[in-house]
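Please prepare a short briefing on the structure shown below.

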Amino acid sequence: MKNEKDKLSKTEKVMYSTDSFIQRNAKKIIGISIAIVVVVILVAVIAIVTDNNSEKTYAGLYDLESSYNNILVADKSSEEYATLLSSFYSDAETYAAENKIDSYEGAKARLMFADLKFDDGDYSTAYDTYMEIAVAHSDDYFAPLCLMNAAASAENMGNQDEALDLYTQVWDVYGKDAPEAPKALFSQARIIEAQGDVELASSIYNQLADEFPSSYYSALAQAKLLTI
């Protein structure tokens, strides 16, 4: 019985101490509770705003992709094509201003913009845009793709040396894991051959055939080796 009374006494003491602590610090506890509630509400609001912004961003990209696809199938000689193209350029520039180039959405919008500029013969704008994307996304798949497209733009502007440098960069930096690697090697060899260094071109064609035996560009390389 004595032990039970002692235990009860200790329990009562703890309860009394707790009550006293709460009474003495009531204002602080209420303040802390309010602060916690405010933080929870703020986090919830931020999450909602973020979700809404994400939905808006993806919806905008979807609209751009839809417009892009409509342009691809439109008759280039039609008035509709010119209208679609002009509208896309305007929308893409607005979207790009709202989405940084180092984001997927920002890069994708700029890539479509550059592709249409290339197709429209504005190789200078296409080149600049491709290079900006490649720099901003040097660690992902956008880079080798955009370097290849920038190289093609450079070729169309008559700058073979720049094109060769970019094709070489794709292979040297991203290697055989890049989907564009076989085409990069072939394009390298093609330009080097045109510049008159047949021995080096043959070496690259052989490398391509060895490294990528099942590639379309390997077949092209082997055909080239029969003629040089």
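This is a predicted model: local features need pLDDT of at least 70, side-chain atom pairs count only at pLDDT 80 or more; totals for chains, interfaces and linings use all residues.

The chain has 228 residues, of which 34% are buried, and its secondary structure consists of 10 helices and zero strands.

**Overall fold**
- Followed along the sequence, the elements give the pattern α-α-α-α-α-α-α-α-α-α.

**Surface**
- The chain has an accessible surface of about 14100 Å².
- Carbon and sulfur atoms contribute 56% of that accessible surface.

**Largest pocket**
- The largest pocket holds about 150 Å³ of space.
- Its lining is formed by 13 residues, and those closest to the pocket centre are Met 148, Asn 149, Ala 152, Tyr 167 and Lys 183.
- Two or more lining residues come from each of H6 and helix H8 (181–194).

**Glu 155**
- Glu 155 lies in helix H6, which spans residues 142–156.
- Glu 155 counts as buried because its relative accessibility is 19%, and the cut-off for a buried residue is under 20%.
- Beyond its neighbours within four places in sequence, Glu 155 is in contact with Gln 160, Ala 163, Tyr 167, Arg 190 and Ile 191.
- One of these contact partners, Tyr 167, is also among the lining residues closest to the centre of the largest pocket.

Conventions. Residues are numbered from 1 along each chain as its sequence is written. Side-chain values use heavy atoms; hydrogens and water are left out. Helices (H or I, at least four residues) and strands (E, at least two) are DSSP runs, numbered from the N terminus. Buried means under 20% relative accessible area, exposed over 50%, partly exposed in between (1.4 Å probe, protein chains only). Contact means heavy atoms within 4.5 Å. Accessible areas come from the Shrake-Rupley method with a 1.4 Å probe; for residues, only the protein chains shown count as cover. On a 1 Å grid over the protein atoms alone, a cavity is a set of points where a 1.4 Å probe fits but cannot get out, and a pocket is an open set with protein on both sides within 12 Å along at least five of seven lines; lining residues have an atom within 4 Å of a point. Grid points are joined across faces, edges and corners, and a volume is the space filled by probe spheres set on the points.
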